[in-house]
Amino acid sequence: MIPELGHISLIIAFVLAIGLTVIPFWGSFRTNVAAMNLAPSLAVGILVFTATAFGLLATSFLQDDFSVAVVAANSNSLLPPIFKFSALWGNHEGSLLLWVLILSTWMTAVAFLCRVLPLTMIARVLSVMGLIAVGFLAFSLLTSNPFERLLPNTPLDGSDLNPLLQDPGLIIHPPLLYMGYVGLSVPFAFAIAALIGGRLDASWARWSRPWTNVAWGFLTLGIMLGSWWAYYELGWGGWWFWDPVENASFMPWLMGTALVHSLAVTEKRGVFRSWTVLLAIFAFSLSLLGTFLVRSGVLTSVHAFAADPERGLFILVFLALVVGGSLLLYALRAPAVASRVEYNVISRESLLMVNNLVFTVAATIVLLGTLFPLVMDAFSLGKYSVGPPYFNAVFVPLMALLMPFMSIGPISRWRQDSPRRWLHELLVPAIAMAALAPLLSMMLFDFNLWVALAVLLAGWVTLGVLRDVWRRLAVGGSGGLQWQRLSPSFLGMTFAHIGFAAVVLGAVVVTQHSEEQDLRMTEGQSAELGGYRFEMTHISQEPGANYVADQATFVVSYDDKIIATLVPEKRRYLASGQVMTEAAIDAGILRDLYIALGEPIGERAWAVRLQYKPMVRWLWIGAFLIGFGALLTSLDRRYRVQVVSGQEPSPVKGQGLGFAR
Amino acid sequence: MDLHARRFIPLLGFVLLSVLLFRGLSLDPTSLPAARLGQIFPEFAKLELQSGDVISVVDLNQRPALVNVWATWCYSCRIEHPYLLELAKSGVPIYGLNYKDDPVKARGWLAQLGDPYRLNIVDDEGSLGLDLGVYGAPETYVIDRDGKIVHRHVGILDQSVFRADFSAWFPALMDAQAPVAQRALEGK
């Protein structure tokens with residue numbers, strides 16, 4: 001009964017979504033206030049019914065109802081309850097339901113938080129989101145119904161959740177990632193609504209901005225968690241693989257990064273308008289494309305869900321309608337006149353243009369690399385796979401190119417700046433870092449040119465940002481620090497930029513200075529790596545909830561001082577017979593020590609992989625700062641004032657809105 | 001080009017992309033035209049990974065057998081590896097083709113993760129791979145009693161793939177596979 005109720009809820013949500021797509025949209029052209037006013041209630045209705053469907057599917061998982069096909073394929077009675085719950089989105093059907101649930105959450109949030117926007121605008125925004133919901137609900141109901149039953153041949157037990165996914169990181173990674181993916185539909189909907197209404201102005205940019213930042217922040221956190229999970233769960237210490245599915249989440253992130261910055265220009269100066277709209281369309285299109293790549297079986301990947309050409313065709317048609325339709329709309333309606341706002345080459349606008357170029361090029365490069373095998377295949381030129389060498393070769397120089405611009409960006413002036421001032425602003429940090437970089441990199445590790453360069457660039461960016469913070473605090477000269485001058489959006493930017501510098505530094509250091517050793521070890525033996533001494537004290541076998549684990553206990557010491565006891569495991573899951581390596585990690589700011597068990601070799605001996613990973617944490621701490629910074633910006637008063645006043649700001653005419661920094 | 005026409009460029013790009021993606025749907029990245037299907041395994045003279053001896057096709061003499069294309073740079077190979085060990089333990093002869101790899105790293109990998117291979121062909125330049133039509137790793141071929149290539153699988157080989165597509169050549173194995181959980185408990 002429960003699965004059927006869930007199915008019905010999903011159908012009701014689908015009908016409501018059709019209503020949301022059609023009625024308010026129609027109303028917005030007829031100035032029918034009643035029709036437009038329906039939009040928020042319909043959005044809430046969709047949320048209620050998708051949430052009900054989601055809750056009912058979760059119930060089926062928790063109650064071990066193996067008559068439901070998805071439950072039987074992805075759960076098991078021995079599975080701990082928390083994993084029974086997260087198994088819901090460890091598969092195609094369930095994760096699609098999560099997708100729709102998150103979309104309707106965003107819709108409802110827009111409906112509540114944007115109540116003061118012009119009614120036609122909000123009606124159209126919600127209608128566009130409603131259309132997306134129609135597509136995905138239809139996709140779920142027609143090709144991937146999560147409530148399908150296995151009757152009458154109900155299995156006695158389920159075939160278990162993939163052990164790789166039985167991990168706390170995987171409980172929150174997909175929801176966060178989807179918050180980001182799906183959240184990009186909000187700026188997309190705003191862009192489409194603005195194109196339809198022909199009003200691409202600063203107020204449109206200001207409405208979109210907090211949503212974009214929040215979505216992009218979630219996307220950042222989601223990607224960060226995924227990388228972290230791969231690091232500790234896959235058992236070999238890698239943190240990024242340029243796998244097609246990783247790329248699928250990375251492309252919208254890159255495009256979103258460009259969008260976040262481009263929106264800033266459009267809001268404050270009224271320029272780049274067509275470009276910003278295009279970026280908003282691209283960013284969400286890349287999320288949809290990612291969905292297509294992951295779920296259609298077009299590319300092979302370890303993450304890919306079960307391939308099904310029928311599903312692929314469905315998403316492709318939907319993709320063609322949504323993306324093709326919006327690009328056509330763009331071609332027809334984008335502002336025909338170039339913006340009259342002028343800016344000098346030496347200005348903040350130009351620097352943000354560089355940012356936009358770099359990130360758009362980066363996204364294109366990742367897209368090309370991801371699709372290259374498909375292109376060659378389509379033209380029968382053979383089968384290829386594109387690996388990390390390609391991506392690293394083009395990506396690393398691009399990011400290095402970006403950083404000098406990043407160091408000057410936040411302290412540059414809108415409209416017109418002088419080269420003298422830039423030189424003056426940059427010289428001190430540049431000289432300081434040029435002198436410090438080799439020293440710093442030598443103090444921590446042996447000298448390495450790449451690390452020194454990374455320290456130089458990262459330090460340059462950080463010093464630039466910190467000087468700006470200091471200048472804001474100290475301005476006024478009356479002695480006291482002006483804390484109120486640090487607005488949330490300024491702080492958010494500061495965190496994000498420092499975070500970016502940390503990611504770059506971490507990536508370079510861990511790539512250059514990692515050490516690893518593969519050894520055969522028995523009880524009582526010890527080995528040295530990176531100055532640390534690892535002694536394997538004993539081996540044992542322990543039962544777990546749904547697995548049996550071989551454990552080896554290591555005592556790690558440095559200068560004869562014991563600093564950690566690490567217990568890596570090799571687990572064999574009972575239901576599937578799959579073997580999993582659970583690495584043991586001693587984490588630290590400056591280094592991780594990482595032990596993974598290989599295979600047993602003879603009597604009481606194991607193949608062991610020891611790794612020393614310097615500054616690997618900086619990657620995730622940095623990415624966390626970026627995401628946190630992005631979320632923080634949405635608290636800015638500027639976005640709330642507009643809500644309180646409820647007035648419709650006038651479109652920009654020739655001049656920027658004068659939000660001087 | 002005037003400003004207006006230029007705005008159609010993104011749309012045009014997207015149309016091209018959609019055509020490509022549509023074409024992609026009818027291609028299955030895991031099923032490949034095995035140019036050599038039905039033919040004898042190509043002749044080669046390569047070093048063996050562990051012993052350093054020169055080996056040729058006559059050394060692949062335990063048949064039917066699997067030829068598994070792998071490399072240490074290959075992410076999916078690592079995931080596939082435990083299952084290969086299982087198969088080797090239950091008696092399936094597996095020959096490795098260490099594809100475009102560094103032999104030192106490859107030996108380290110086998111030392112750490114276990115070695116399911118009877119022999120490992122060092123194909124560091126990928127020339128044998130070219131003859132076979134390999135496009136990436138992992139890939140697994142079946143050679144039958146007469147040394148003919150009779151099946152090709154692209155991507156990770158796991159239990160379900162093996163049951164579906166490989167068991168025809170290894171019938172004895174299917175009955176012999178004892179419940180895995182029980183073996184796990186017996187341990188060493």
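Modeller: Let us begin with a helix pair: α9(A) passes α18(A) in a left-handed crossing, a crossing being left-handed if the near helix is turned anticlockwise from the far one by less than a right angle, and right-handed if clockwise. Helices (H or I, at least four residues) and strands (E, at least two) are DSSP runs numbered from the N terminus. This is a predicted model, in which local features need pLDDT of at least 70 and side-chain atom pairs count only at pLDDT 80 or more, whereas totals for chains, interfaces and linings use all residues. Residues are numbered from 1 along each chain as its sequence is written, and chains are lettered from A and ligands numbered from 1 in the order in which they are written.

Colleague: At what angle do α9(A) and α18(A) pack, and how far apart are their axes?

Modeller: Two packed helices are described by the angle between their axes and the distance between the axes. The axes are lines fitted to C-alpha atoms, for helices over the stretch in contact, and angles run from 0 to 180 degrees between N-to-C directions. Here α9 (residues 202–233) and α18 (residues 617–633) of chain A pack at about 165 degrees, with their axes 7 Å apart. The two helices are therefore roughly antiparallel to each other, given that angles over 145 degrees count as roughly antiparallel, under 35 as roughly parallel, 65 to 115 as roughly perpendicular and the rest as oblique.

Colleague: Which residues of α9(A) and α18(A) meet?

Modeller: Two residues are in contact if their C-beta atoms, placed from the backbone, lie within 7 Å. On the α9(A) side the residues include Trp216(A), Gly217(A), Leu221(A) and Trp228(A), and on the α18(A) side they include Trp620(A), Phe624(A), Gly627(A) and Leu631(A). The residues of this contact divide into twelve nonpolar, six polar and no charged, where Ala, Val, Leu, Ile, Met, Phe, Trp, Tyr, Cys and Pro count as nonpolar, Asp, Glu, Lys and Arg as charged, and the others, Gly among them, as polar.

Colleague: How are α14(A) and α16(A) oriented, roughly parallel or roughly antiparallel?

Modeller: Helix α14 (residues 388–408) and helix α16 (residues 449–474) of chain A pack at about 20 degrees, with their axes 8 Å apart, and they are therefore roughly parallel to each other. Their crossing is left-handed. Ala400(A), Met403(A), Met406(A), Ser407(A) and Ile408(A) in α14(A) meet Leu457(A), Trp460(A), Val461(A) and Gly464(A) in α16(A), and these residues divide into seven nonpolar, two polar and no charged.

Colleague: Turning to strands, what is the order of the open sheet of four strands in chain A?

Modeller: Two strands pair if DSSP finds at least two bridges between them. The order in this sheet is β1-β10-β9-β8 (chain A), with antiparallel pairing. Strands β1 (515–522) and β8 (584–586) stand at the edges, each with a single partner strand, so one side of each is left without a neighbour in the sheet. The twist averages 20 degrees from one strand to the next. Between β1(A) and β10 (residues 605–614) of chain A there are eight bridges, and Glu516(A) has Gln611(A) in β10(A) as its bridge partner.

Colleague: Which strands does β4(A) pair with over five bridges in the antiparallel sense?

Modeller: One is β6 (residues 569–573) of chain A, in which Lys570(A) is the bridge partner of Asp550(A). Another is β5 (residues 561–566) of chain A, where Leu566(A) stands opposite Phe554(A); in the hairpin of β4(A) and β5(A), with two residues between the strands, Asp559(A) takes a positive phi near 50 degrees. Strand β4 (residues 547–558) is also joined by ten antiparallel bridges to β3 (residues 532–543), and these two form a hairpin with three residues between them.

Colleague: How many bridges pair β2(A) with β3(A)?

Modeller: Strand β2 (residues 526–529) of chain A pairs with β3(A) over four bridges, in the antiparallel sense, and Glu528(A) stands opposite Arg533(A). Two residues lie between the strands of this hairpin, where Gly530(A) takes a positive phi near 55 degrees.
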